[in-house]
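This report sets out selected features of the structure shown below. The headings name the topics in turn.

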Amino acid sequence: MLIHPRDILLDDIVLTHSLFLPTEKFLQELHHFVRAGGMEGPEGLGQKQACLAMLLHFLDTYQGLLQEEEGAGHIIKDLYLLIMKDESLYQGLREDTLRLHQLVETVELKIPEESQPPSKQVKPLFRHFRRIDSCLQTRVAFRGSDEIFCRVYMPDHSYVTIRSRLSASVQDILGSVTEKLQYSEEPAGREDSLILVAVASSGEKVLLQPTEDCVFTTLGINSHLFACTRDSYEALVPLPEEIQVSPGDTEIHRVEPEDVANHLTAFHWELFRCVHELEFVDYVFHGERGRRETANLELLLQRCSEVTHWVATEVLLCEAPGKRAQLLKKFIKIAALCKQNQDLLSFYAVVMGLDNAAVSRLRLTWEVRRPLPFLPGDLGILGSPLWDPCRNHKSYREVISKMKPPVIPFVPLILKDLTFLHEGSKTLVDGLVNIEKLHSVAEKVRTIRKYRSRPLCLDMEASPHHLQTKAYVRQFQVIDNQNLLFELSYKLEANSQ
């Protein structure tokens with residue numbers, strides 16, 4: 001279906017306006033234009049139609065995101081009332097104004113003061129609480145205003161459980177911790193006031209600044225938040241590894257590759273669907289105009305890293321050489337099946353796990369599992385050139401361009417492309433907006449829209465172990481400490497090159 005160039009330009013502006021004009025300012029400019037175009041006649045009708053088309057497309061694109069921006073909500077409400085006031089003058093706008101009315105109701109911006117918002121469910125923060133009932137539920141998008149439970153640890157590894165907004169600032173989190181600990185309020189400059197630190201499993205520490213917000217989703221896989229005084233900062237040590245190295249087969253040895261691949265694809269499709277297309281723009285371009293919540297995208301990226309470490313963890317915890325070789329075969333088959341499902345995110349994540357230096361150095365194990373067409377360093381894994389990064393991942397781009405939706409792309413590569421577009425050209429040239437740059441960014445975002453334009457339909461038979469496999473795939477326990485992975489690797493094969 002052909003798309004009118006005017007509609008493409010409209011989409012370009014709606015998707016990328018925040019690169020040069022904050023959303024609230026953008027809406028204010030639109031509001032001024034509507035007021036200026038309030039005369040009757042063909043000219044007034046044309047201006048009104050242009051503004052209405054812009055507002056309709058804006059609301060249709062943003063929808064739920066606008067609930068997080070109170071200032072933008074008030075402007076849209078004023079715009080809506082202004083347009084509805086003139087509706088009787090222009091019968092040609094009747095269908096559009098009806099659509100506008102429906103969209104304003106959809107994004108809950110009509111008259112928010114008239115009724116109290118429904119009580120929101122408080123969500124456990126990702127992997128901090130491993131609950132089977134929680135992980136089996138279909139994932140829904142996180143918003144900054146969502147309330148969550150999370151644990152904040154003390155230097156002695158005790159912890160307090162606090163209730164917080166996902167977008168809460170560090171200062172707000174420390175306030176909740178202080179209240180929970182029943183500390184008296186202390187002046188900000190006192191030495192015994194609390195600071196918030198993110199501590200990774202490797203021992204790396206990051207001191208979070210009081211004004212930082214949305215910190216929960218930026219944590220690493222096995223990173224945790226610690227509250228401590230400044231004099232105890234240096235003594236902070238990570239929590240003990242959640243996985244205990246012990247003999248015996250794990251769940252991966254008991255499940256079929258087809259079941260694992262299908263559950264990976266189904267879960268990653270849920271996560272991918274939760275990511276609003278504008279999160280991709282905000283994630284790359286936030287440095288110019290302030291950070292906005294990109295929780296769902298960050299969660300998807302975190303999951304990609306988690307799958308990669310899951311593969312390495314399972315291989316390196318398998319002590320028997322024969323079973324370890326069989327496990328390599330199983331992971332290779334899982335990767336092939338994910339590719340067949342058009343789930344390239346899982347494909348890449350599994351292959352990167354096999355390519356982890358702690359795994360790829362196990363030469364004896366790789367030799368045992370021959371004659372499968374893969375050795376460490378091979379680019380032709382599974383008979384496919386997808387893994388070849390040459391010529392800016394040319395092979396990957398050719399393969400995915402031939403796939404019809406639904407498709408789960410390798411998301412880090414999309415972010416890489418957007419970063420290249422951002423750094424390769426200026427947003428403003430001689431004080432004017434660089435339309436070519438905005439169009440290129442919008443085109444990349446539209447590919448995401450295309451990948452999700454059809455629903456995912458997998459033939460997943462309900463086996464006796466269906467729920468058990470689903471729970472296993474959705475809450476991996478992994479080792480993300482590369483030093484520990486190397487220790488396990490050298491215990492398995494001390495002399496491999």
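## Leu484 and its helix

Leu484 is located in helix H19; helices (H or I, at least four residues) and strands (E, at least two) are DSSP runs, numbered from the N terminus. The residue Leu484 is buried, with a relative accessible area of 19%, where buried means under 20% relative accessible area, exposed over 50%, and partly exposed in between (1.4 Å probe, protein chains only). Leaving aside neighbours within four places in sequence, Leu484 contacts Glu241 and Ile479, contact meaning heavy atoms within 4.5 Å. Leu484 and Ala358 are 126 residues apart in sequence, and their C-alpha atoms are 9.5 Å apart in space.

## Basis of the model

This is a predicted model, in which local features need pLDDT of at least 70 and side-chain atom pairs count only at pLDDT 80 or more, while totals for chains, interfaces and linings use all residues. Residues are numbered from 1 along each chain as its sequence is written, and side-chain values use heavy atoms, with hydrogens and water left out.

## Overall composition

The protein contains 19 helices and eight strands. Of its 497 residues, 50% are buried. Among contacts between residues at least 6 apart in sequence, 73% join residues at least 24 apart.

The accessible surface of the protein comes to about 24600 Å², and carbon and sulfur atoms account for 53% of that surface. Accessible areas come from the Shrake-Rupley method with a 1.4 Å probe; for residues, only the protein chains shown count as cover.

## Nonpolar cores

A nonpolar core is a set of buried Ala, Val, Leu, Ile, Met, Phe, Trp, Tyr and Cys residues joined through side-chain atoms within 4.5 Å. The largest such core has 126 residues, and those with the most contacts inside it are Val152, Phe280, Trp310 and Phe331. Helix H10 (residues 295-316) supplies the largest share of this core, 12 residues. A second, separate core of nine residues includes Tyr153, Phe226, Cys228 and Tyr233.

Which residues does Phe331 contact, leaving aside its neighbours within four places in sequence? They are Ile252, Trp310, Val311, Glu314, Val315, Val350 and Leu354.

## Packing of H10 and H19

Two packed helices are described by the angle between their axes and the distance between the axes. The axes of H10 and helix H19 (residues 482-492) come within 10 Å and cross at roughly 30°. Axes are lines fitted to C-alpha atoms, for helices over the stretch in contact, and angles run from 0 to 180 degrees between N-to-C directions. The crossing of H10 and H19 is left-handed, a term that applies if the near helix is turned anticlockwise from the far one by less than a right angle, and right-handed if clockwise.

On the H10 side, the contact is made by His309, Ala312, Thr313, Val315 and Leu316, and on the H19 side by Leu485, Leu488, Ser489 and Leu492. By class, this contact of H10 with H19 has six nonpolar, three polar and no charged residues. In this classification Ala, Val, Leu, Ile, Met, Phe, Trp, Tyr, Cys and Pro count as nonpolar, Asp, Glu, Lys and Arg as charged, and the others, Gly among them, as polar.

## Val14 in helix H1

Val14 is placed in helix H1 (residues 5-16). Its relative accessible area is 0%, so Val14 is buried. Outside the four neighbouring places in sequence, Val14 is in contact with Met54, His57, Phe58, Thr61 and Tyr62. Val14 and Asp60 are separated by 46 residues in sequence and by 10.0 Å in space, C-alpha to C-alpha.

Val237 lies in the loop between strand E6 (224-229) and helix H8 (257-274), and is partly exposed, with a relative accessible area of 44%. Not counting residues up to four places away in sequence, Val237 touches His157, Val199 and Phe226. His157 is found in the loop between strand E2 (147-153) and strand E3 (159-165). It is not a glycine, yet His157 has a positive phi of about 75°; its relative accessible area of 24% makes His157 partly exposed.

Cys214, in the loop between strand E5 (205-208) and E6, also has a positive phi, near 55°, in a residue other than glycine. Cys214 is buried, with a relative accessible area of 6%. A cis peptide bond, with omega about 10°, joins Pro405 and Pro406. Pro406 lies in the loop between helix H15 (390-401) and helix H16 (411-424).
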